[in-house]
Structure formats: structure tokens, C-alpha cells
Amino acid sequence: MSTTFWIIIAGAIVTYLTRIGGHLVLSRFKTIHPRVEAGLNAVPAAVLTTLVAPPAISGGIAEWAALAVAALVALRGNLIVMVASGAAVLILLRNTL
Amino acid sequence: MHSSNVRDFIQGARKSVPVVVASAPFGMLFGVVAVQNGLSISEAALMSAIVFAGASQLVGLELFGQSIPAWVVVLSIFAVNFRHVLYSAALSRHVMHWTPLKRVIGFFFLTDPQYGESERRSVGGQLTFAWYIGMATPIYVCWVMEAVIGAAFGNLIPDPHAIGLDFLLPIYFLGMVMDFRDRPLWLPVVAASSIASVIAYNTVGSPWHVSIGALAGVLLAAVLAPSQSERAR
């Protein structure tokens, strides 16, 4: 088997370890400290924010407008409508500006 | 199969639709880049099928092309995926009623959107395995198929920048961030993670900005939380 094959296998193993690892650690504790609990409650906003902020900062007017419109739509619409409206603004501005 | 399982599975599958749409370009992009970097179609499909983590797959490909030691490539994949440890720990609290086998299977499918939607689902009631797998199945099947399509028909895909494909996921993830705005400390957490991730992105570099930015928000919440609950009392 090629090196590529073994890198893919090893990459799959380490990826799975990250996905089961947090659970294996946390399931050893019967009770969760309130500070840990508060930290875990912050995980969705904290992690997902880091996937938005750097690309947003390095974007231009088209990207900023798309995110602003998407954020407004997100206040009331569902995710599909939000992604679609953000993408529409982005495509329009990228091809006109 | 119990009828409530079927209902949950279908409800989960509905949640996969925007994810499948937003991630399709990346699934195919992965296939295209894989072939350009010397992988065969079956190797591209294998990687999508067993790693199943888009950003880390693309980072891995980038490094395959260069003469970099294998362990560095594997370490880079690990670094990009490190954020899953936080998802895994946070989701842990909602899956304790699953059997160990279901947990072993379930955590394999723990992608960013899978985690976000699972957190939302567990607010309203119990997070069932049927719902979770209902959401994961279409995402997984499409992801592997897209790698094959991209690898086989790579040169047919138009300029991704002009049609905005490269920015679809940030828009989607912003929507998920907004969905959690009712949580305590949401704004300070988002602010801390934004600032920390941008600083880390420009100093330490990618992919560590994700873990560093996330830890900043999580630690801030851990530090602030007890004082807030005391104030409430």
C-alpha cells in the first residue's frame, strides 16, 4: 500500500479520536463543575464564531454585505433562507462591483 | 422500527438539507483538488468516507503535494480537527442515554453542522439516535458521492469565486452562531472568540486560530458564569 493510503488511514484515526475524545474524558466524571458546564454551553458560539470571523475580516464589501444581510435574515428566517439570501447578495456584488 | 424513530429520522434528515447544499461545492472541490494532487478517484472517495472532515481533508491534500514527512501531514489533520474535542465534550451531556455502541458510531459523524443542530435539538427535548443518524446519513452519503463526482469530472466545475462558493460556509456558520443568541453570555463569548481567532489567524496562523479562538470564548464563559449566577441569587 502507498504512503498516501496510510496517511489517509492515520488521518482518519486522529480525526475520530478528536470526535470521541471529549466524550471519553467528560464521561469519566459523575458531576460537572458549574464553570465547566458554563464553558461547554459556550462551545457552539465560540467555535462557530472562529469559522466566520477571520474570513469575514479578510473579505471585502461584497462579503461584508452578504454577512450583514444573512445576519439580519437569521433573526427571523430559517437557515436555508439565510444562506440563500446571503449567497444572492454575494454573487450579485461580486459580479457588479 | 418504532414509528417515533421513523419520525425522528425524517425530522433529522430535513435538517441536513441546507448542510448538503452549502457543503456540496466543498465536497466536489475536494475531489477536484485530490486528483490534481495525484490521488486516485478511489483514494479521494476513501478519504472523504473515513476522515469525513472537509477542511482537514483539503489541508491534507495541500501537504501531500509537497515533500513533507507523513507525520507532519497527520499532525496537521489533527490540528484542523482539534475543535471536535470541544464538540464531543459538550455533546456528551446529551447522549448519555445512548448505548455505548450508538455513541461509538454517533461520534464518527460529529461535523460542525451536526454538532450545532444537535445542540439546538437537545434544548427542546431528548436528542435521539434516530434523529441524529437521520441528519448524518444524507450529509455523509452526499459527501462521499461529491468526492467521486469532483474527482471524475473536475474540469467541468466553473470558477468557484465568481459564483460565491468559497464563502457559503462562513455564511452558514454565521447563521448557526446567530441561532445560539439566547444562551447566557452569548455576546461576550462571540466577541472574545472573534477577536482571539482574528489575532491568532494573523500571528500563529491557520488552523490554530480555530482552537485558540474557541478556547478564548469557552474560558471567558467559565470565568464569568459563577459570578453571574451569584448575582441572580
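Good morning. In this structure, 74 residues of chain B are in contact with 59 residues of chain A. Please bear in mind throughout that the model is predicted.

Let me stay with the side of chain B that touches chain A. Helix 11 of chain B, residues 208-232, provides its largest share, namely 11 residues. Sorted by class, this side of chain B holds 52 nonpolar, 15 polar and seven charged residues.

I turn next to the division of chain B itself. Domain 1 covers 3-180 and domain 2 covers 182-233. Taken over C-alpha atoms, the centres of these two domains of chain B are 24 Å apart. Eight residues from domain 1 of chain B and nine residues from domain 2 of chain B make up the contact. On the domain 1 side, helix 4 (70-81) and helix 5 (83-92) of chain B each contribute at least two residues. That side of domain 1 comprises seven nonpolar residues, no polar residues and one charged residue.

Finally, I would like to present one pair of helices. How do helix 2 and helix 8 of chain B pack? Helix 2 (residues 41-50) and helix 8 (residues 129-152) of chain B meet at an angle of about 155°, and their axes lie 8 Å apart. Helix 2 of chain B is therefore roughly antiparallel to helix 8 of chain B. Their crossing is right-handed. Helix 2 of chain B brings B:Ile41, B:Ala44, B:Ala45, B:Ser48 and B:Ala49 to the contact, while the residues from helix 8 of chain B include B:Trp143, B:Val144 and B:Ala147. By class, this helix contact has 10 nonpolar residues, one polar residue and no charged residues.

Thank you for your attention.

Note on methods
Residues numbered from 1 in each chain as written. Chains lettered and ligands numbered in written order. Predicted model: local features only at pLDDT ≥ 70, side-chain atom pairs only at ≥ 80, totals over all residues. Axes fitted to C-alpha atoms, helices over the stretch in contact; angles between N-to-C directions. Helix = DSSP H or I, 4+ residues; strand = E, 2+ residues; numbered from the N terminus. Parallel < 35°, antiparallel > 145°, perpendicular 65-115°, else oblique. Left-handed = near helix turned anticlockwise from the far one by under 90°. Contact = placed C-beta atoms within 7 Å. Nonpolar A, V, L, I, M, F, W, Y, C, P; charged D, E, K, R; others polar. Domains from an automatic or database assignment.
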